[in-house]
Amino acid sequence: MGQKIQKYYIGVDIGGTKIVIALIDINGNVLFKKILSTELNLNKNVVIRNISEIIDEIKIIYKDINIIGIGIGSAGIVLYNKGIIKFSPNIGWRDFYIVSQLQKISKMRVVLDNDANAAAWGIFYLKYKSKYNNMLCVTLGTGVGGGFILNGKMFRGIDGTAGEIGHMTYIPDGLECPCGNKGCLERYVGKYGLNMLIDRHLKEEAQKSNLAKKSLLLDYKKENVIVDPKLLEAAAEKGDELALKIWIEFGEILGTAFATILNLLNLEAIHITGGIAHAQKFFEKALVDTIKRRAFSVPAETVKLIFEEKKQDMGVIGAGLLLEEL
Ligand SMILES: [Zn+2]
């Protein structure tokens, strides 16, 4: 008697090329996981049927446990209150009423949020909820995703689209962004932005010094390799001066964006994850110095910067844990 019932959640993470479905527990452990490719059939009804089949499989295998519901994290524009994927640019869905459809079939509670929010919530819930009430979780990858936790709750704005830090205007007349704006932050600190930065430095330096000629980055570019953060990190690790210089500029760009956010929101912590977080030592000083130079002194001193490598399956774990938010 008095035995505490353990809680479990089904997480669904909808990305550009695949859907991950998992059964997780309250500590973020993954008990069961299956992956569906979205490259074969994108028809909404087929996707709902495929997801439902896996959910049924979970219900059969784990028939004696207490599954709280289904939490979905999806890429694209998501309307949290209405349970609709408004637009998914990679997959091409518009107005996908995924929550009501899954609810009808599964007879379970279903919630939906943006994938960046879901991941941010997962990170916060599993590790930081007893420590901080106001934090930003940023994922730096191909794009730049973010989620704000304010006063201990996920901040979504009125429609559910808040937290798009990757699409803050960084340079008013800058590079065109697929979102329709120009000069979005993501164009400068995402994977694409990093390559633009490398190209620009190689060009500039070629004219004024032999830094470029000596750089490993020139060799990569000659071979038409897309220089990802790992390669840039490896070059910096070998003492490549141009690579070190690029990391510093990267830190300055990110620091400029963070300074603006900190002046607005006076956060306790910013959590940075993704492939780039690993190269922390090459850009952290520039990042911190820029924040101190640009933001008001109080929020700049208060904020803790946390760098952490991406935890595997955080998207699907965070999606499941969305059910713990309510
Ligand atoms: Zn944009």
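The crossing of helices α9 and α10 is right-handed, meaning that the near helix is turned clockwise from the far one by less than a right angle. This is a predicted model, in which local features need pLDDT of at least 70, side-chain atom pairs count only at pLDDT 80 or more, and totals for chains, interfaces and linings use all residues. Residues are numbered from 1 along each chain as its sequence is written. Helices (H or I, at least four residues) and strands (E, at least two) are DSSP runs, numbered from the N terminus.

The axes of α9 and α10 come within 7 Å and cross at roughly 35°; axes are lines fitted to C-alpha atoms, for helices over the stretch in contact, and angles run from 0 to 180 degrees between N-to-C directions.

| Helix | Residues |
|---|---|
| α9 | 241-265 |
| α10 | 280-294 |
| α8 | 229-237 |

Among the residues of α9 that meet α10 are Trp247, Phe250 and Leu254, while Phe283, Leu287 and Ile291 are among their partners in α10. Contact requires C-beta atoms, placed from the backbone, within 7 Å.

In α8, the buried residues are Pro229, Leu232, Glu233, Ala235 and Ala236; a residue is buried if 20 or more other C-beta atoms lie within 10 Å of its own. Seen down the axis of α8, these residues fall within an arc of 160°, so they line one face of the helix. The arc is that of the directions from the helix axis to the C-beta atoms. They pack against α5, α7, α9 and α10. Just after α8, Gly239 takes a positive phi of about 85°.

Technical notes:
Contact = placed C-beta atoms within 7 Å. Buried ≥ 20, exposed ≤ 12 C-beta atoms within 10 Å, placed from the backbone.
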